[in-house]
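Subject: Structure handover

Hi,

Here is the structure I promised to pass on.

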Amino acid sequence: MTKGMQAGRQTTLRERATVTGVGVHSGSPVTLTLHPAEANSGIVFLRCGIDGKDDRELAANFHSVTATEFATVLGDASGLAVSTTEHVLAALYALGVDNAIVEVDGPEVPIMDGSAAPFVAAIDQAGITALPAPRRYIQVLKPVRVSKNGCYGELRPHLRGLRVETEIDFDHPLIGRQTIEVDVEPYVFRDELARARTFGFMRDVAKLWSAGYALGASFENTVVVAENRVLNAEGVRFPDEFVRHKAVDAIGDIALAGAPLIGAYRSVRGGHKLNHAVVTALMADPSAWTYVESPEAVRRVRGHADLGAGLAAAAFGPDVS
Ligand SMILES: [Zn+2]
């Protein structure tokens, strides 16, 4: 696909593509199929295989977020939920897919190898095609910031596309402080981010299991960090795989704004909860953003608005998903 086509018109998938795996938290087998969708439909999760019930749709939108503790969960008032949406959403966003149906036959997107790479491969297999409708962007007009307990996330104006700046600081000899700054372009996502896997600490495993989480976690889908080493036989894929994965998570969560962003997102010691709070804070302030059809249509930038802790729900402790 040419850059001009990406910039001007909405896209969808050319064909279907299917992946199978297990849910990292449920441990249950699940099949995910990406389908083409019409212009202006956005990304929609289709939950099928519910006992005795019809298939149900859930828009991939920040309004649908019902939990952010260990993954980003979308749900509705009836209790329908699709968990661990962030990696497939990051791949769709970064590769420029505006409209798609993400069909899953269980309550959780398959974790695959813990990274976004299998979803990139699925999108590549399906192919991307342009639709006869203009793409609409969300342009950030002024900084919007949410902070709590030394963690913060901020969206600010940016000239073009989405830029993601992520910083983590774990009190652990293998991780410590790591930063990454990327412009989210398809080739950057493929080369720099897509292969970075989910990680977790051995010391947290018993606690997670007893709470009913991470039941499907294994060396096949999680970088497992012990006191002074990574337990996976293959080691890490990048020395800073941890912060790269955090950037993937941020892109997947930002995708829930519902349209491509023209803005820069900075996350310091954050996670899904913080990402969601910042997107929600942006969209709640009509003076902080506008829709534009051309990514080059840069608007005047206004002053700074610090939302402080007022909109921050619970604690923004670093999460490991
Ligand atoms: Zn993740």
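**What I found**

T84 sits in the loop between β8 (81-82) and α2; helices (H or I, at least four residues) and strands (E, at least two) are DSSP runs, numbered from the N terminus. The phi of T84 is near 55°, a positive value in a residue other than glycine. T84 is also buried, as its relative accessible area is 4%. Buried here means under 20% relative accessible area, exposed over 50%, and partly exposed in between (1.4 Å probe, protein chains only).

Before going on, a word on the ground rules. This is a predicted model, so local features need pLDDT of at least 70 and side-chain atom pairs count only at pLDDT 80 or more, while totals for chains, interfaces and linings use all residues. Residues are numbered from 1 along each chain as its sequence is written, and side-chain values use heavy atoms, with hydrogens and water left out.

**The chain overall**

The protein chain has seven helices and 20 strands. Of its 321 residues, 58% are buried. Contact means heavy atoms within 4.5 Å, and among the contacts with a separation of 6 or more, 75% are between residues 24 or more positions apart.

Helix α6 (residues 241-254) has 14 residues and spans 20 Å from its first C-alpha to its last, close to the 20 Å expected at 1.5 Å a residue. That expected span is 1.5 Å times one less than the number of residues. α6 is mostly covered, with 14 of its 14 residues buried.

Two packed helices are described by the angle between their axes and the distance between the axes. Helix α2 (residues 86-94) packs on α6 at an angle of about 80°, and the axes are 7 Å apart. The axes are lines fitted to C-alpha atoms, for helices over the stretch in contact, and angles run from 0 to 180 degrees between N-to-C directions. α2 and α6 are therefore roughly perpendicular to each other (under 35 degrees counts as roughly parallel, over 145 as roughly antiparallel, 65 to 115 as roughly perpendicular and the rest as oblique). On the α2 side the contact is made by E86, H87, L89, A90 and Y93, and on the α6 side by H245, V248, D249, I251, G252 and D253. Those residues divide into five nonpolar, three polar and three charged; Ala, Val, Leu, Ile, Met, Phe, Trp, Tyr, Cys and Pro count as nonpolar, Asp, Glu, Lys and Arg as charged, and the others, Gly among them, as polar.

**The core**

Which residues touch the most other members of the largest nonpolar core? They are F45 and F189, in a core of 80 residues. Such a core is a set of buried Ala, Val, Leu, Ile, Met, Phe, Trp, Tyr and Cys residues joined through side-chain atoms within 4.5 Å. Not counting residues up to four places away in sequence, F189 touches A90, A91, A94, L95, A116, V120, A194, V248 and I251.

**Around α3**

Helix α3 (residues 117-126) has P118, F119, V120, A122, I123 and A126 as its buried residues. Their cover includes β1 (9-13), β2 (17-22), β3 (29-36), α2, β10 (128-134) and α4 (186-193). A121 also lies in α3, but at 43% relative accessibility A121 counts as partly exposed. Its C-alpha is 9.5 Å from that of V19, 102 residues away along the chain. Just after α3, G127 takes a positive phi of about 85°.

- A214 lies in the loop between α5 (205-210) and β17 (223-225), and its phi is near 60°, a positive value in a residue other than glycine. At 10% relative accessibility A214 counts as buried. Leaving aside neighbours within four places in sequence, A214 contacts V24, H25, L208 and W209.
- C48 is in the loop between β4 (43-47) and β5 (56-59) and is buried, with a relative accessible area of 10%. Beyond neighbours within four places in sequence, C48 is in contact with D55, E103, V104, D105 and G106.
- T290 is in strand β19 (residues 289-292) and counts as buried at 18% relative accessibility. T290 and V140 are 150 residues apart in sequence and 6.9 Å apart in space, C-alpha to C-alpha.

Cheers
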